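Morning, everyone. I have one structure to show you today. Please look at the screen.

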Amino acid sequence: MRRQRIVTPRHSDGQGAPGSGRPRASSRGMLAEAAGELFLEQTYAGTTVDDIARRAGVSRATFFNYFSAKSDLLWLEVDESLAAFPAMLAHADDDVEPMAAVLAAVLRLADGFGPERLPLAVTQVELMGTDAELQASALPRFLSVVRQVAVAIARRSGDDADGLLPRAAATAVVGAAVAAAGVWARAGVGRGPLTPIVRDAVEPVCAGFAAALANR
């Protein structure tokens with residue numbers, strides 16, 4: 001399994017809290033970096049929000065200005081990318097077939113990830129002890145994306161977003177994409193681009209539901 005770079009804590013120049021190794025200027029990335037170090041050093045369960053804030057040289061209150069929960073740190077890159085996903089779903093022209101538009105959006109989302117851009121907790125699950133937390137915190141994100149895809153399909157097909165075909169298609173598409181991402185994440189140092197793997201998983205699903213929508 002590939003081990004990503006771990007930044008060794010540095011002593012501050014006097015601007016940060018004693019022993020924090022960082023100036024007090026805060027950012028989501030700085031907190032995520034501090035959390036990644038600590039999760040590898042003492043596991044996810046063994047790390048508290050206070051530990052992360054201390055390592056980053058900020059207050060607990062500052063941490064919660066950026067994250068609502070410790071588990072959000074596991075999904076930083078994913079959440080940042082998913083924020084743009086609704087716009088990707090709406091990007092295709094209105095006359096594009098629903099499942100073709102969905103496939104294009106999913107592949108465009110996958111294009112934003114490469115071998116160096118993946119949440120550390122996904123590639124270092126055993127070292128960080130994050131498997132159970134990843135499963136628990138993944139569910140609301142999964143359901144949110146399913147809803148977005150169902151709405152996009154329904155808008156183009158004229159169906160109700162809560163109807164059987166839009167919901168089934170959306171769930172299958174997102175499930176296939178998640179499966180592809182999981183295989184890719186665990187491929188280690190030989191990991192190539194994400195997009196071809198996502199295409200292999202999602203394209204057959206989109207083709208099947210495109211036929212189902214056309215043949216109603």
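This is a predicted model: local features need pLDDT of at least 70, side-chain atom pairs count only at pLDDT 80 or more; totals for chains, interfaces and linings use all residues.

How large is the volume of the largest pocket? About 810 Å³. It is lined by 32 residues, and the closest to its centre are W75, V78, A177, V178 and A181. Where does the lining come from? Helix 4, residues 76-82, supplies at least two residues, and so does each of helix 6 (98-111), helix 9 (131-157) and helix 10 (164-185). By class, the lining has 26 nonpolar residues, three polar and three charged.

Now helix 1 and helix 2. Helix 1 covers residues 28-42, and helix 2 covers residues 49-56. They pack at an angle of about 120 degrees. Angles of 65 to 115 degrees would count as roughly perpendicular, and those over 145 as roughly antiparallel. Therefore this pair is oblique. The axes of helix 1 and helix 2 are 9 Å apart, and the crossing is right-handed. Who touches whom? On the helix 1 side we have M30, L31, A34, A35, E37, L38, F39, E41 and Q42. Helix 2 brings D51, I52, R55 and A56. That contact has eight nonpolar residues, one polar and four charged.

Helix 6 crosses helix 9 in a right-handed way. P98, M99, A101 and V102 of helix 6 meet V149, I153, R156 and S157 of helix 9. Sorted by class, the residues in this contact are six nonpolar, one polar and one charged.

How values were computed:
Residues are numbered from 1 along each chain as its sequence is written. Side-chain values use heavy atoms; hydrogens and water are left out. On a 1 Å grid over the protein atoms alone, a cavity is a set of points where a 1.4 Å probe fits but cannot get out, and a pocket is an open set with protein on both sides within 12 Å along at least five of seven lines; lining residues have an atom within 4 Å of a point. Grid points are joined across faces, edges and corners, and a volume is the space filled by probe spheres set on the points. Helices (H or I, at least four residues) and strands (E, at least two) are DSSP runs, numbered from the N terminus. Ala, Val, Leu, Ile, Met, Phe, Trp, Tyr, Cys and Pro count as nonpolar, Asp, Glu, Lys and Arg as charged, and the others, Gly among them, as polar. Axes are lines fitted to C-alpha atoms, for helices over the stretch in contact, and angles run from 0 to 180 degrees between N-to-C directions. Angles under 35 degrees count as roughly parallel, over 145 as roughly antiparallel, 65 to 115 as roughly perpendicular and the rest as oblique. A crossing is left-handed if the near helix is turned anticlockwise from the far one by less than a right angle, and right-handed if clockwise. Contact means heavy atoms within 4.5 Å.
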